[in-house]
Amino acid sequence: MFVYMDHTATTPTSPEVLKAMMPYFSENFGNPSSVYSFSRKSRAAIEKARGQVAKALNADEGEIFFTGSGTEADNWVLKGTLEKAMKAGKNHLITTQIEHHAILHTAEYLKKYHGASVTYLPVNSEGFVSVEDVRNAITDKTALVSIMFANNEVGTIEPVAEIGALCREKKIPFHTDAVQAAAHLDIDVKAMNIDMLSMSAHKMYGPKGVGALYLRKGINIENFIHGGAQEKRHRASTENIAGIVGFGEAMEILKSRLDDDKKINSARRDRLIAGILEKIPHAKLNGARGDKRLPNNINFSFIGVEGETLLLDLDAKGICASTGSACSSESLDPSHVLLALGLKHEMAHGSLRFTIGRLTTDEQIDYVLEVLPEIVSRRRAMSPLWEDFIKTVRS
Ligand SMILES: *Cc1c(COP(=O)(O)O)cnc(C)c1O
């Protein structure tokens, strides 16, 4: 059996989306910036997609800007906001310890090369940021608050609307990385007082290499990509028309089935969680519980085993999972998110993430519940860490 349970790393482009994209590779290849009527088809396609994305977020069309990825949208917000604010003497960024590296590494860059001062707020054991901590971190130098909507490793959904209300009250721009959240949750940027929001198409059954930034009217940040006059002079370079069309289509489809998907995914999520807790002793669920957790996220630590070894064993059984972050597969450092949740190094190393989605079936949940307990107990039997742990439990 082939089981893809890594929907948080990426999703397949859905057939309907691909179909909508196809004409823009060849037939309607016109450059949207050209003046002849042929290129108007390309321009119209981009504007249609902008409308589809705007509608899904309750934003206005003029507030959506397409980018090359979610990472680019995050870079744009942090650099574009801080560079501008620094001219006015404000150099303080508030973010969290559990952000995606697109935020964390950009914040480090701003510290290193531009003299930014960065507050990395801690989270509690389930991964929640405290709104009071945000309030207390704000100073008269604060230029931006950037807090993710939902965490990609453990699925915790942050109190974004409360943080938005606080930032609006304090007149500080509020950005949220909603790359994961937008694929699963209803987002209303107006009701939630969000000023800026990042998204990515490939996390929601659209194509790779296209993202978007929602930039509320009245928020002025410096451009990130400089050049031509595309995207109303805010993001230069010839548009990825097919990708943008795919993003719009993916977003509209996603929105139309959001409630059903939420129900189906969370039922399967809860069955997988309950099954693992029942069949595997000393398994620890990481992240939030219930409706404050993304409906598709399952993240466990198994004391005594390395997550990396489990991944290889699962792969041999046809199962694609992750230790948490696709970006960390190159390094053997434990996850910064799990450490921020307070996990000890050995537990953070023993983590395993399953993220379900449209490719998931009930049979696949059963299959994982059948093979995973065997794999964990075989690896534990070979592990000195597990032996030590069992001794301490028995004594
Ligand atoms: C995947 C992801 C990103 C990066 O998006 P790309 O389009 O792959 O660059 C940023 N933030 C979060 C939370 C993500 O999950």
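Domain bounds here come from an automatic or database domain assignment. That assignment gives domain 1 (3–10 + 258–394) and domain 2 (15–256). The C-alpha centres of domain 1 and domain 2 lie 29 Å apart. The contact between them (heavy atoms within 4.5 Å) takes 32 residues from domain 1 and 34 residues from domain 2.

The model is predicted: local features need pLDDT of at least 70, side-chain atom pairs count only at pLDDT 80 or more, and totals for chains, interfaces and linings use all residues. Residues are numbered from 1 along each chain as its sequence is written, and side-chain values use heavy atoms, with hydrogens and water left out.

The size of an interface is often given as the accessible area lost when the parts come together. Domain 1 and domain 2 bury about 2,800 Å² between them (accessible area, 1.4 Å probe, that two parts lose on being put together, summed over both). Carbon and sulfur atoms hold 55% of this area. Leu-258, Leu-294 and Arg-358 supply 26% of the area that domain 1 buries against domain 2, more than any other three residues.

Between domain 1 and domain 2, the count of salt bridges is zero (a salt bridge is a side-chain nitrogen of Lys or Arg within 4 Å of a carboxyl oxygen of Asp or Glu). The structure as a whole holds 17 salt bridges.

One of them joins Asp-195 to Arg-168, with the closest N and O atoms 2.9 Å apart. Asp-195 lies in the loop between strand S6 (174–177) and strand S7 (196–200), and Arg-168 in helix H6 (residues 160–170), so the pair ties together parts 27 residues apart in sequence. Helices (H or I, at least four residues) and strands (E, at least two) are DSSP runs, numbered from the N terminus. Asp-195 is buried, at 3% relative accessibility, whereas Arg-168 is partly exposed at 30%. Buried means under 20% relative accessible area, exposed over 50%, and partly exposed in between (1.4 Å probe, protein chains only).

Arg-271 is partly exposed at 34%, and Asp-366 is partly exposed at 39%.

Asp-313 and Arg-379 also meet in a salt bridge, at 2.7 Å from N to O. Asp-313 belongs to helix H10 (residues 307–316) and Arg-379 to helix H13, so this pair ties together parts 66 residues apart in sequence. Asp-313 is buried at 10%; Arg-379 is partly exposed at 23%.
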